[in-house]
Amino acid sequence: MSNPSWKRLAHATALRAERALDAARSRLPARPTDLHIHPYIGHGNAESLVLRGRVLADPPPDPDAPDGHAVRRAWRTFRRFASREFPGVELTVSLDGVRATVVTDEEGYYEARLPATPGGVRRFGTASSAGHSVEVEAVVPDAATGSVLVVSDIDDTVLETGAQRAWDVARATIFGTYRTRSPVPAMAEFYRGLVRGPDGEMENTTFYVSSSPWNLYDFLVTFLEFRGLPRGPLFLRDLGIDKTRFIASGHGTHKRAAIDEILTMHAAHRALLVGDTGQRDPEIYAEVAREQPERIAAIYLRDVAGAERDAEVNEIGRELAGIGVPLVRSGSAVAFAEHALTLGLIAPDDVAAVARAVEAAPN
């Protein structure tokens, strides 16, 4: 049997297994008190807002529970991935005095698009259903002239994962907590400087685009806050199996779609694309830059791969230089901060703060 045939068989088998598991879960008793709305940070402009989230039967694991034994940490991770979703739930999402009614899909996700009124960097509203109500948040970037959007990868860009080593990633995901996972040195200081801008008042916005699953949303938000990284919308990936593929969207497809949404929604802004050389960030970012070079202020790539990969990324950098998009590849946030200073995107004091943080980081 050809390889594509094996893939089709495996996909069909996995799809049947997931549907059987979902059916079994649906027969478990579910009361209105079991319903938990998990809102994700939304974003928008002066005209419209996008608010997403998920409805599950369980609350997220308590991030501040004692870390305890490895088995307890592994069980906490298992709960994140084994949560029971609520499809077909009708929600009312309200923000800026405008309401929208949405229904969760078969994986429990919802998406609300609302008109917006001008004013304010952050907006707050509610999502409610069956007597449950939670606060929702949307970021509306300030339209100051010269401001930028920071569009950042997560794994090996701001969170050390060793993504080149599959076992290291699995072990860190299963047994790690937001307190034990290591940040990439000085990226928090760098991003905070970019958010402040060169005059300390711009309040630029950071968007996090990652191939990590939505199941890790609460963990990642807590990690970012704990490590002092700017709060911002996350664009993660659904790992559910659908009728056409094992995972609802591939790595490159997901990242490209998220970046396109960000650039389209915030057409008045340029973007800094920040990632690493380990996977496909260079190729995905270059594709965006080729199509919209005027929208990309620079591409910053943390160097985590070997010499062969470095040569490939250097070639991409030479190509992009020809269309006016600088690409900086470095193992240190200092190089990124110094380049951002030449673009007028960060203050000298913040560049110095990045350098101090690199010097103070453990070897």
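R329 comes out as partly exposed, with a relative accessibility of 27%; here partly exposed means between the cut-offs for buried (under 20% relative accessible area) and exposed (over 50%), using a 1.4 Å probe and protein chains only. The model is a predicted one, so local features need pLDDT of at least 70 and side-chain atom pairs count only at pLDDT 80 or more, while totals for chains, interfaces and linings use all residues. Residues are numbered from 1 along each chain as its sequence is written, and side-chain values use heavy atoms, with hydrogens and water left out.

R329 pairs up with D310 in a salt bridge, with the closest N and O atoms 3.5 Å apart. (A salt bridge is a side-chain nitrogen of Lys or Arg within 4 Å of a carboxyl oxygen of Asp or Glu.) Because D310 sits in helix α8 and R329 in strand β14 (residues 327–330), this pair ties together parts 19 residues apart in sequence. Helices (H or I, at least four residues) and strands (E, at least two) are DSSP runs, numbered from the N terminus. D310 itself is buried, at 15%.

Helix α8 (residues 307–321) also holds both R309 and E312, 3 residues apart, or about one turn of the helix. Their side chains meet in a salt bridge at 3.0 Å, N to O. R309 is buried at 12%, whereas E312 is partly exposed at 38%.

Elsewhere, D96 and R123 form a salt bridge at 2.3 Å, N to O. This one links distant parts of the chain, 27 residues apart: D96 is in the loop between β4 (90–95) and β5 (98–103), and R123 is in strand β7 (residues 122–129). R123 is buried at 5%.

R52, E111, R113 and E261 join up in a network of salt bridges. The overall count is 23 salt bridges.
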